2 protein chains.
Amino acid sequence: MRSHFCGLVDESMIGQSVTLCGWADVARDLGGVCFIDLRDHEGIVQVVAEPSDADGNAAVVKAAAAVGYEDCLRITGVVRKRHSVNDRIRTGQVEVVATAIEVLNKAEPLPFHAHENAGEDIRLKYRYLDLRRPEMQRMMRTRIRLVQALRRWLDARGFQDIETPILTKATPEGARDFLVPARLHPGEYYALPQSPQLFKQILMVAGFDRYYQIARCFRDEALRADRQLEFTQLDMEFAWVSERDVQDAVEGMIREVFREVIGVELDAEFPRMTYEEAMRRFGSDKPDLRIELELQDVAGLVKDSQFKVFTDWATHADGRVAALRVPGGAAFSRKQIDEYGAYAAKYGAKGLAYIKLGEDGTVNSPIQKFFEPAAFEALVAAIGLRKGDLAFFGAGTYKVVSDFMGALRLKVGKDLGLVQHAWKPLWVTDFPMFEWDDEEQRYVALHHPFTAPAVDDIADLKANARIAVSRGYDMVLNGNEIGGGSIRIHRPDMQSAVFELLGIGAEEAEAKFGFLLDALRYGAPPHGGIAFGIDRIAALMAGTESIRDVIAFPKTTTAQCPMTGAPSPVPDAQLAEVHVSVRPKADKA
Amino acid sequence: MRSHFCGLVDESMIGQSVTLCGWADVARDLGGVCFIDLRDHEGIVQVVAEPSDADGNAAVVKAAAAVGYEDCLRITGVVRKRHSVNDRIRTGQVEVVATAIEVLNKAEPLPFHAHENAGEDIRLKYRYLDLRRPEMQRMMRTRIRLVQALRRWLDARGFQDIETPILTKATPEGARDFLVPARLHPGEYYALPQSPQLFKQILMVAGFDRYYQIARCFRDEALRADRQLEFTQLDMEFAWVSERDVQDAVEGMIREVFREVIGVELDAEFPRMTYEEAMRRFGSDKPDLRIELELQDVAGLVKDSQFKVFTDWATHADGRVAALRVPGGAAFSRKQIDEYGAYAAKYGAKGLAYIKLGEDGTVNSPIQKFFEPAAFEALVAAIGLRKGDLAFFGAGTYKVVSDFMGALRLKVGKDLGLVQHAWKPLWVTDFPMFEWDDEEQRYVALHHPFTAPAVDDIADLKANARIAVSRGYDMVLNGNEIGGGSIRIHRPDMQSAVFELLGIGAEEAEAKFGFLLDALRYGAPPHGGIAFGIDRIAALMAGTESIRDVIAFPKTTTAQCPMTGAPSPVPDAQLAEVHVSVRPKADKA
């Protein structure tokens, strides 16, 4: 149907006849001579229809004049050197003089033009037009190349690509399951997997040694801008390994795919940081190291002041008083400072104290009066406040202060242009095994209930659960957790002990995870793994904030697909077949 | 944790110390000298623990003596030449003299032994033990290598691997949808895709040119031995192509992966056959060409007989009278012939007439009396019946006779050992566009409603719908339809006309397929594609009858997973969240 791709026509073809297929990106009639920019997935080439003595030429010019935006065309013509070279396109040295134009499919007037930046709802409704835009093609292709590069790396190293079920068992592991009624089993349901976690562990017990899968996962959670109902992860598992084996292997993989796909050379060795250090210095377990600002603990410097909020938390066992130096922040207006206060409040701050040190050395601070002059001076010096700087202060529980000061650090960094143009990966390790859930009055797993603790001794773990450290690890890149994994529990007694600590009784554990406990009883090898968020990594590589730019058919934040109209009502007969009915609104469980 | 794989220890390592991880395949204590066959995914190596003067040797021998089936072990030892070579295993020239044995995880007594052929239910319940068997590892690896080879071929040719949604719109296309209640939209449902058909067409409209996906598909249909609720297909689509472009490309692909994965050289050019020819000669649209027997139409030879069943159908517009010559079939007993009759009855036969021609030339046939001697002789001659042969006859509607005579042909071929050890691929083309559904009194699509008809003219299609031929094609291998595809409709007016012929009104078409019709309105290119059944191809390559042998975690014919226990009841609170309740049994729609 075609001899060449539009975007690949070049000077070597001058004088040659070519047949091209594509869409009319632009069509102009300049007084009898018509120009069509013909576009396919490789790019654009200029087609000219001009009067000549050739047979049928009049028909060609007439056809060209009738071409409209996004008409689907098949054009035959002769390549020639272009008079006015266009340096912005790859084919800019040449043009194609049309000898035949066939309209394969005429386009109706467009709901939005490919060149304009339409709203996301209309873009998603007419996704096929949106995806035609070269920018979208480029971003989607980045994702495709990422996945290819990952597979190439994995296949070359003997990782086995194994599919795990999508229709599986409901085993609440944290997030909400999507349910699928079972037609053959009235009152029973399949669940879509939140991840292939248990299956990949079972595969290690089954002797597959090294596994991977580009796996679709499902979480019925509130959709934020960067979340989708279904998402894709590179899921990996290794038998007979320690954490360092996994980390070294996948660090090499990530380094290679960044080099291959976007030509970026990441650190030869990723920095490593414990969870404790990350929270202390950056107020986050996924620190963005492109911003050099760090939090500073000042409890010791403020505990003798008269400022009650500071003194209370500075002496509280679970308290934290932290400062963030903002270079040049003395220029902030009162309004700006209030806005930062409001921003921090969204992350749990009750208030945001500050010290401004003017360019002329004058101090402006609502908390100065609570300090002895020498103590105040010592505080300013310890923070390293220079003329023209400002420091924000937060006080409260360790977790809350870390959260809002960490968020503030990111915001200040972005607002002041302190984010380096760089790629800053790191490993975060030594996560707490458990978090205490005040509401439910029980421990919850920080990673998941299958993560091995650092200690091998069950009595030790039980005695020191509150401070127990896990063998989990996250790979962080520019403030995004792009991968997370752990060494898993491979002994049934340890797995039972962890279930018990999480308040999962023996009976419940057997009902929900009996098959895992069984599997561990038949010679399960030590194993561990990791999962990488493909959507996020692709978005980072493509240079977009939104993962929706690297997903062909994403859903909106209201969990809908504007193109197909999913979800939608279905006939009652279809519900009857699967033994469910729509529940009246008032009928709470 | 290990220095080498068990299955890869070889003579080059003699004298070297190695550390191996694996499972105890067999362990024997022969009077103080212990032998352990240590197994990993690469194979088995023999480990010996024998008394010596070395430090700690007594502990090693003691540990070895305590090893049981499937214990998970880490063993260090020195490689030496084996006294009695074992030719059946790759490592049979060597053995490892243990210097340290660590039990990483003791196995409890096994529910079934890896070496025995346990029932499928127990194998699926303890799938991790079942999958450890080298035979299962081999079959699973065949599948993995098939998918790798396909991807390599596709990636090298610029096909773009794009993921399409799993949570999508319910659009009944034939099979029953799986439904997923939408939490944010009470009374609305997502459906799991029966195939990415519409998405891949949309991707062509979106300018992706060539697409593929190893796609999970879902059909809530009766499970037969070779069906699963979820299955995997290689889904492909091409823009700007004719059927021959698609066929030539994928024929080359299939040829290459067979060569690469199992070293089989398929025909340099696959035979091609129309649907009409396949039904006529083989009574099937997926003929198994390994069996040389063919059906023969004998209406002209029997229409003047006195046998009413023959004469009725021989002169019926939609009738068929066909014969199948069975070489050596004269040896069949009356009981055997009756059994074949019963078999044919399962496929719709009302009766099965026959002619037996004994080795001595005597005829035995219940229908002989209805023929003039000359006519009978002519019939016997036309069928090519030789001494010692038998011929079966079927009469009825064209479709029913083709079905049961086609099934009979396969059964006779298998029973008599007439199935060649060979790979016999072919293309079947020129399918009917529509089938008339007597029950619903309307046309149904033989492929699917998006398949293009061979004619471009809508009036022509409408006038001749009953005999219209589509641009669909199937790839058949050894009696299995391994791939099916078509050129799609790319014009909105033709798509609407086909919907209309299928009894889908304009309103219903708009509600269900509006987004497709929309997409066709904005310059959709001509396009077509195909989908291959990965599970089936993998099973064929692995030499197994059951696709469950090449699926890590398959479901049973009752749609259950004996390992995880899916599907299962869920708490009512979970149903309330997604706005459904269990429907009482009596509450029909």
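Trainee: Which strands make up the closed barrel in chain A?
Mentor: Five strands, in the order S1-S2-S3-S5-S4, with mixed pairing. Neighbouring strands there are turned by 55 degrees against each other on average, direction ignored. Axes are lines fitted to C-alpha atoms, for helices over the stretch in contact, and angles run from 0 to 180 degrees between N-to-C directions. Strands (E, at least two residues) and helices (H or I, at least four) are DSSP runs, numbered from the N terminus. Two strands pair if DSSP finds at least two bridges between them.

Trainee: Before we go on, what are the ground rules for the model?
Mentor: It is a predicted model, where local features need pLDDT of at least 70 and side-chain atom pairs count only at pLDDT 80 or more, while totals for chains, interfaces and linings use all residues. Residues are numbered from 1 along each chain as its sequence is written, chains are lettered from A and ligands numbered from 1 in the order in which they are written, and side-chain values use heavy atoms, with hydrogens and water left out.

Trainee: OK. How many bridges join S4 and S5 of chain A?
Mentor: 10 bridges, antiparallel, between S4 (residues 72–81) and S5 (residues 94–105). Within that pairing, Ile75(A) has Ile101(A) as its bridge partner.

Trainee: And the open sheet in chain A, what order do its strands have?
Mentor: S12-S13-S16-S14-S15, five strands with antiparallel pairing. S12 (295–297) and S15 (363–364) are the edges, each pairing on one side only. S12(A) runs antiparallel to S13 (residues 319–326) of chain A over three bridges. Leu295(A) stands opposite Leu324(A) there.

Trainee: Which helix packs on that sheet, touching S12, S13 and S16?
Mentor: H12 (residues 398–415) of chain A, whose direction makes about 155 degrees with that of S16(A). Helix H7 (residues 275–282) of chain A lies across S12 and S13, at about 100 degrees to S12(A).

Trainee: Switching to the dimer interface. How many residues of chain B are in contact with chain A?
Mentor: 121 residues of chain B, against 121 of chain A. Contact means heavy atoms within 4.5 Å. The buried area is about 10800 Å², with 59% from carbon and sulfur atoms. That is the accessible area (1.4 Å probe) the two parts lose on being put together, summed over both.

Trainee: How many salt bridges are there across the interface?
Mentor: The rule finds 14 between chain B and chain A. The rule wants a side-chain nitrogen of Lys or Arg within 4 Å of a carboxyl oxygen of Asp or Glu. Glu163(A) makes one with Arg143(B), with closest N and O atoms 2.9 Å apart.

Trainee: Which element of chain B gives the most to its side?
Mentor: Helix H4 (residues 134–156), with nine residues. By class, that side of chain B has 70 nonpolar, 22 polar and 29 charged residues. Here Ala, Val, Leu, Ile, Met, Phe, Trp, Tyr, Cys and Pro are nonpolar, Asp, Glu, Lys and Arg are charged, and the others, Gly among them, are polar.

Trainee: Where do strands of the two chains pair?
Mentor: At S23, residues 580–582 in chain A and in chain B, antiparallel over three bridges. Val580(A) has Val582(B) as its bridge partner.

Trainee: Back to salt bridges. What's the count over all chains?
Mentor: 109 by this rule. One of them joins Asp130(A) to Arg127(A), closest N and O atoms 2.8 Å apart.

Trainee: Why are those two separated by about one helical turn?
Mentor: Because Asp130(A) and Arg127(A) are three residues apart in helix H3 (residues 127–130) of chain A.

Trainee: What about phi of Gln441(A), positive or negative?
Mentor: Positive, near 55 degrees, in a residue other than glycine. Gln441(A) lies in the loop between S18 (434–437) and S19 (442–445) of chain A.
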